[in-house]
Amino acid sequence: MTEINSLLEKMAPDMERSGKENIFFQGKTKFSTPLTVKSIQIQIFAFKKESPCRYVAVRPVDDEKTYIGILIGEATLSGGGLYNIEEQEIFVSHILNPVIFIPDLMRVVLGIESWWVVIKKPKDLKKITDADIQNVWYAKALKSMHKDSVKTG
């Protein structure tokens, strides 16, 4: 069981009680201060653990061409926090996503706004095709979920 699952299981009974016992930080949520905090847990969710400075084949979603890119690291996509009043514990998390520099375009793209693969051998340099994209499991899942809602001709 992952650390986050364990933490959520531990917090689940408290979360099921009235909203007064748990405060979710959602923008302008009001709460009483000062807060007593006994512990802070930080969880980082990385999309893919690849080391930086690797060459990748990358196709931005707004382009039909595949380029050589350089994986330069990861950036935070989103973050959030939860304060458990009973445990006096803050849980903070953020989600990371790869950052890729495309020299030919002099542009940086995130992993979520492109199709990409680490180049480990020369054959990995092949063009990323529409067929490759349509064959990815999550593209297939989205297509099957929405096939009934799409009307044709």
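By the rule that a salt bridge is a side-chain nitrogen of Lys or Arg within 4 Å of a carboxyl oxygen of Asp or Glu, the count here comes to one salt bridge. The partners are Asp-62 and Arg-107, whose side chains meet at 3.4 Å, N to O. This pair links distant parts of the chain, 45 residues apart: Asp-62 lies in the loop between β3 and β4, and Arg-107 lies in strand β6, residues 107-110.

Before I continue, please note that this is a predicted model, in which local features need pLDDT of at least 70, side-chain atom pairs count only at pLDDT 80 or more, and totals for chains, interfaces and linings use all residues. Residues are numbered from 1 along each chain as its sequence is written, and side-chain values use heavy atoms, with hydrogens and water left out.

Are the two partners buried or exposed? Buried means under 20% relative accessible area, exposed means over 50%, and partly exposed lies in between, with a 1.4 Å probe and protein chains only. Asp-62 counts as exposed because its relative accessibility is 56%, whereas Arg-107, at 28%, is partly exposed.

Let me turn to the chain as a whole. The protein chain has three helices and seven strands; these are DSSP runs, numbered from the N terminus, with helices being H or I of at least four residues and strands E of at least two. Along the sequence they follow the pattern α-β-β-β-β-β-β-β-α-α. Of the 153 residues, 27% are buried.

Which residues make up the largest nonpolar core? A nonpolar core is a set of buried Ala, Val, Leu, Ile, Met, Phe, Trp, Tyr and Cys residues joined through side-chain atoms within 4.5 Å. The largest one has nine residues: Val-56, Val-58, Tyr-67, Leu-71, Ile-100, Ile-102, Val-109, Trp-116 and Val-118. At least two residues of this core come from each of β3 (54-60), β4 (67-84), β5 and β7 (114-118). Taking contact to mean heavy atoms within 4.5 Å, and leaving aside neighbours within four places in sequence, Val-58 touches residues including Tyr-67, Ile-100, Val-109 and Trp-116.

Finally, consider Glu-89, which is placed in strand β5, residues 89-102. Glu-89 is classed as buried because its relative accessible area is 6%. Its side chain makes a polar contact with the side chain of Gln-41 at 3.0 Å. A polar contact is a pair of N or O atoms within 3.5 Å; within protein, one must be able to donate a hydrogen and the other to accept it, and residues adjacent in sequence count only if both atoms are side-chain atoms.
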